[in-house]
Amino acid sequence: MQNTLEKIITPVFIIFFFSIFLIFISSYALLNEIKPFLGGHTSPATRFNDLETYHNGINLSIFANKKALNNCLEVLASPTGMAQPTNRRIAALSSCQKLALNITNSMPTYAYAWYIAAHASAELRQFEAFNSYILKAQNTAPNEQWLAILRVNLVENNWEHLNSKVVISQNKDLILLIKSKNGIKSIVARYIDRPSFRERITFLVETSPQEDQKRFINVVRATAEEISLARGGLANE
């Protein structure tokens, strides 16, 4: 009789503890998934504190990871983030870098995470790492225009720290941008304000198909007028 009970009870206990384990794992996964989405509803100061004390967490879905990376950039670019003392901002930047690299460990082709790692590295003045990460961001998503726009701005802002491979990848991104109206509009202000950038773009445009050249000229003219009017309006206020 006792042996029979043991045969019945033992599997029941195994199933019970396994169920508890599954509940625990599921709850942990759910918490990690919803945490980035909840972060957007807290104050910038609270979100900065959370970022500053980040401890190697990683989300499970690409949507939650993207939200966490978005939160990272938004916090650092907000007035609250920009006003923080240097030591706190460095801690937050390090957290951004760590978060992005943790994500790339499980998703090595996730270009946005490589971009965030590069962005944080540039601000931390870790330029060797910056060059490595921005190159991976370009190599893993060479045809994603929205990412190319982000990469171009970041690279141009750190031009003096580039290696030759990143210069080549930057030209690839610029060629992608001059193939569309939105891409061209994203670089018009820099084209107007920086002669050295204008020279590089002019060379790339002149070696592009006629259709791309015409589009570039038309968009630059129209957007330049808009920028001029907007700047004139601000000057008169």
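Modeller: A charge is taken to sit over a ring if NZ of Lys or CZ of Arg is within 6 Å of the ring centre and within 35 degrees of the ring normal. The model here is predicted. In it, the charged end of Arg198 sits over the ring of Tyr191, 6.0 Å from the ring centre. Lys66 lies over the face of Trp146, at 4.7 Å from the ring centre.

Biologist: How many aromatic pairs does the structure hold?

Modeller: The structure holds 5 aromatic pairs. One of them is Tyr112 with Tyr115, which is stacked, at 6.3 Å centre to centre and with 10 degrees between the planes. Both residues lie in helix 6, 3 residues apart, about one turn of the helix. Tyr112 is buried, at 5% relative accessible area. Tyr191 and Phe216 have planes at 80 degrees and ring centres 5.5 Å apart, so this pair is edge-to-face. Tyr191 belongs to helix 11 and Phe216 to helix 13, so the pair ties together parts that are 25 residues apart in sequence.

Biologist: Which residues form one aromatic cluster?

Modeller: Tyr110, Tyr112, Tyr115 and Trp146 do.

Biologist: Is Arg151 buried or exposed?

Modeller: Buried means under 20% relative accessible area. Arg151 has 1% relative accessibility and therefore counts as buried. This residue lies in helix 8, and its contacts include Tyr115, Glu144 and Asp173. A polar atom of the Arg151 side chain lies 3.2 Å from the backbone oxygen of Ala141.

Biologist: What does the side chain of Asn131 reach?

Modeller: The Asn131 side chain reaches the backbone nitrogen of Asn163 at 2.8 Å. Asn131 is found in helix 7.

Terms used. Residues are numbered from 1 along each chain as its sequence is written. This is a predicted model: local features need pLDDT of at least 70, side-chain atom pairs count only at pLDDT 80 or more; totals for chains, interfaces and linings use all residues. Side-chain values use heavy atoms; hydrogens and water are left out. Helices (H or I, at least four residues) and strands (E, at least two) are DSSP runs, numbered from the N terminus. A polar contact is a pair of N or O atoms within 3.5 Å; within protein, one must be able to donate a hydrogen and the other to accept it, and residues adjacent in sequence count only if both atoms are side-chain atoms. Buried means under 20% relative accessible area, exposed over 50%, partly exposed in between (1.4 Å probe, protein chains only). Contact means heavy atoms within 4.5 Å. Rings of Phe, Tyr and Trp (its six-membered ring) pair if their centres lie within 6.5 Å; planes under 30 degrees apart count as stacked, over 60 as edge-to-face and the rest as tilted. Lists of a residue's contacts leave out its neighbours within four places in sequence.
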